[in-house]
Amino acid sequence: MTAVTLNLKPIIELTDDQFYQLCRSNPEVKFERNARGEVIVMSPTGGETGYWNSELNADFVIWNRQTRLGVCFDSSTCFKLPNGSNRSPDVAWITIERWHELTAEEKAKFPPIAPDFVLELMSPNDSLRDTQAKMQEYMENKVRLGWLINPKTRRVEIYRPGQTPEVLESPTALSGEDVLPGLVLNLQFIWE
């Protein structure tokens, strides 16, 4: 199953609070919302993608616990981006200083902040074009570094603000550069 996009504007234009309530009232469904206000119903991942997501997130959490530089988030966290969209990257990270600028209420709901780093791991049924567009949206909303990992093609696209994405073929590891200092993410388990 692929994601389904619903245009509810002919009936209702959901406020941020209504979208939040929609998500809270349907916890078994994963929703995103694009900048046009369309609701995107995401399909659940399969076992292999879920395993990879879990392993990747663990590496970020371990690195972050050691450095104490920020806050890590998994794919169940929805962020309210500056352009009005609500997105849930597979892995996200925000510097501790930026996180502490948010109020307790903003942290409890869908944080109104663009992460400093995002990672999207493509599932077999994900559209490459749509996922690349989402990565571009992250960059336009001031995300500082993004990785799009495509296990099917064994490619990684690295997104940086104001630059053309860098494409790597079957990289064994990725560097967190100056955004995630000291992080080296091993990718060999995905390519096996």
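**Cores and pockets**

Leu119 touches Leu56, Phe60, Pro89, Asp90, Val91, Trp147, Ile149 and Leu185, leaving aside residues up to four places away in sequence; a touch here is a contact, with heavy atoms within 4.5 Å. The model is a predicted one, where local features need pLDDT of at least 70, side-chain atom pairs count only at pLDDT 80 or more, and totals for chains, interfaces and linings use all residues. Residues are numbered from 1 along each chain as its sequence is written, and side-chain values use heavy atoms, with hydrogens and water left out.

Leu119 also turns up in the largest nonpolar core, which has 24 residues; Phe60, Phe117, Leu119 and Trp147 touch the most other members. Such a core is a set of buried Ala, Val, Leu, Ile, Met, Phe, Trp, Tyr and Cys residues joined through side-chain atoms within 4.5 Å, and buried means under 20% relative accessible area (1.4 Å probe, protein chains only). The largest share of this core, four residues, comes from H2, one of the helices, which are DSSP runs of H or I with at least four residues, numbered from the N terminus.

As for open space, the largest pocket holds about 800 Å³. A pocket is an open set of points on a 1 Å grid over the protein atoms alone, where a 1.4 Å probe fits, with protein on both sides within 12 Å along at least five of seven lines; lining residues have an atom within 4 Å of a point. Its volume is the space filled by probe spheres set on the points. Among the 36 lining residues, Ala3, Glu32, Met42, Asp126 and Lys134 sit closest to the centre. H5 gives the most to this lining, with seven residues.

Notes:
Buried means under 20% relative accessible area, exposed over 50%, partly exposed in between (1.4 Å probe, protein chains only). Helices (H or I, at least four residues) and strands (E, at least two) are DSSP runs, numbered from the N terminus.
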